[in-house]
Amino acid sequence: MDNTTTLVVNNLQTQFATRAGLVKAVDQVSFSVKRGEIMGLVGESGSGKSMTGYSIMGLVDAPGKIVGGEILLQGKNLRDLPAEAMRKIRGNRIAMIFQDPMMTLNPVLRIDTQMMEAVRAHQDVSRMVAREMSREALVRVGIASPDERLQAYPHQFSGGMRQRVAIAIALLNQPDLIICDEPTTALDVTIQGQILYEMQKLCRESGTALIWITHDLSVVAGLADTVSVMYAGRIVESGTVQQVLDHPRHPYTYGLIASAPSRNPRGQPLQQIPGMTPSLLNLPDGCAFRTRCAHATAECQQTPQLREVEQRMLRCFHPLRDSVAEVVS
Amino acid sequence: MELTPAFEVAETPWQRFARNFFGSKIATAGFVLLVLIVLAAIFAPAISPQNPYDLAKLDVMDSRLEPGQKSVDASMTYLLGTDDQGRDMLSAILYGIRISVMVGVVSTIIALSLGLTLGLLAGYADGRIEAFIMRVADIQLSFPPILIALILLALTGRGIDKIIIALVAVQWAYYARTTRSAALVERKKEYIEAATALGLSPLRIMFRHLLPNCLPPLIVVAALQVASAISLEATLSFLGLGLPITEPSLGLLIANGFQYLLSGKYWISVFPGIALLVTVVTINLVADQLRDVLNPRLQTQ
């Protein structure tokens, strides 16, 4: 492994032992992110994308458990770390930004209190220094009059502002990796655009790697360098954004792209993926997507392995050809 | 590209709280009365005409005088009469309020701290710790409070410290339960998850992030419990198990006089009774208003 790779995830498996049975929320997931690289992790609700993020953070709550695989942060396996050492990594080397900015700041504490606390949890600095660092972080995410803002309570901020504060908090300790769990889903598109632009810039400047969990392919298209598409806990296709989004080879990726409204075939019915996301409790044998897939054959009752096809990793026996995929774009 | 919405320096949470609280006239009156009672309790030694604990000052010749009568040596007027030992009732009531309020507040503070810590622990850490704490609280709450207090006092004897211990033992479970239920709700919210993701220590998350968000219901319960602690202490003293006769609380004063009640010497029991009633009612008024103000669902916009 070279020095530029920040995170390598190898065969990660996270399972929930529930009364109804074993739920494989994250199943044999592998990917890697380089310094300053942005990876989009795409999938529907319940596809395991958020759980992948929580697994990396070591924040899987009971009855969930990481049962296999490696999470290598700069070569060090986080799964080997004791709880206390893992706590030192959270918020310090790996930061996380959550979906709903209305909920992620503590409503009864002032912004400066919350920011200084985040600094002082990981760095032995005075309150004055911590305050100055907080101020700088606010400036970095484009918040005007940071001195007044520091003394405000979260309810005095708009949604976009709060998400900026959340990003500023994530940046405070200059982490190597930031995991963003749909951070712009709750925001207006104009604010979303600004935040995407700034996150991209901040990552490039500081060399922070970014995992952007989302179900919005247009966000990934504009923001990310690489993309991994998850379905039912597994990565079905991953590669560069150009390869995967412009020339999808997995029928599910194709279905996701085709079901996004676009203005080209105006007035025509949108394409949709037939059926529902299967329950993780009783997945079909073999390829989890085969019950909804137009290209499925008897062979799909075997489990397809992730293999390299046309400069990307693909988990499918019947890769699509461009002639099919280009119908939509 | 206007990012900054108009930013007014909004009222602090305390200012908003004060504005809402004093919006009701009854609550304001209750609050003022409560402040007066507390002041009377604090400054009882300075404002009472006589030191009721100084047995040497009492004259048996003055016993059971009606309100308004002068002492035998004509040195003072007993505004509220005297009890069977010749004690000035006004002084005894002022000192009685002092003891009752003190016992109520101190036992509430101790029980609150204890119950709150245990409740937070139970709400934050699931599993065995939670099960243990909450089952003990359940068992505790399944007995009538007065029974537990009676047993404890029968075992330990009389004294201010002992009655405070008994009241704490009776009360902590209410706080533990309230805190836990609030903590369970708050713990699932994303800001706790975000705090965990920041790598803050569990103790810090519990006391700095979880606790302040659990406080509103606790403040209400605590305010109500001060009143019920005062009543319980009065009940125990009335039954003769509370405080020693040399330092009478309100309950003991009532007990002292009730045997003379039917012989027309009403003042020995009735005046301490009114003092107790007013104290408990004002605390309840204030607590009710606190509940209305602190509960967003009951708030009228």
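Modeller: T279(B) has its place in helix 11 of chain B, where helices are DSSP runs of H or I with at least four residues, strands are runs of E with at least two, and both are numbered from the N terminus. The model is predicted: local features require pLDDT of at least 70 and side-chain atom pairs count only at pLDDT 80 or more, whereas totals for chains, interfaces and linings use all residues. Residues are numbered from 1 along each chain as its sequence is written, while chains are lettered from A and ligands numbered from 1 in the order in which they are written.

T279(B) is buried, because 27 other C-beta atoms lie within 10 Å; the term requires 20 or more such atoms within 10 Å, 12 or fewer meaning exposed and values in between partly exposed, with C-beta atoms placed from the backbone. Apart from neighbours within four places in sequence, T279(B) is in contact with I37(B), I97(B), S100(B), V101(B) and I230(B) (contact means C-beta atoms, placed from the backbone, within 7 Å). I230(B) is 49 residues away along the chain, yet 8.7 Å separates the two C-alpha atoms.

Helix 9 (residues 202-238) of chain B and helix 11 (residues 267-294) of chain B have axes that come within 8 Å and cross at roughly 170 degrees. Such axes are lines fitted to C-alpha atoms, for helices over the stretch in contact, with angles from 0 to 180 degrees between N-to-C directions. Helix 9 of chain B and helix 11 of chain B are therefore roughly antiparallel (over 145 degrees; under 35 is roughly parallel, 65 to 115 roughly perpendicular and the rest oblique). Their crossing is left-handed, that is, the near helix is turned anticlockwise from the far one by less than a right angle, clockwise being right-handed.

On the side of helix 9 of chain B, the residues of this contact include P216(B), I219(B), A223(B), A227(B), I230(B) and A234(B). On the side of helix 11 of chain B they include L276(B), T279(B), I283(B), N284(B), R291(B) and L294(B). By class, the contact residues of the two helices are 16 nonpolar, three polar and one charged; Ala, Val, Leu, Ile, Met, Phe, Trp, Tyr, Cys and Pro count as nonpolar, Asp, Glu, Lys and Arg as charged, and the others, Gly among them, as polar.

The largest nonpolar core has 171 residues, and I93(B) and L167(B) are among those with the most contacts inside it. A nonpolar core is a set of buried Ala, Val, Leu, Ile, Met, Phe, Trp, Tyr and Cys residues joined through C-beta atoms within 7 Å. Helix 9 of chain B gives the most to this core, with 18 residues.

In all, 18 residues of chain B are in contact with 26 residues of chain A. Helix 8 (190-197) and helix 9 of chain B are the elements that give two or more residues to that side of chain B, and helix 8 of chain B has the largest share, six residues.

As for the setting, chain B has 11 helices and two strands. Of its 301 residues, 42% count as buried.

Definitions and conventions. Contact = placed C-beta atoms within 7 Å.
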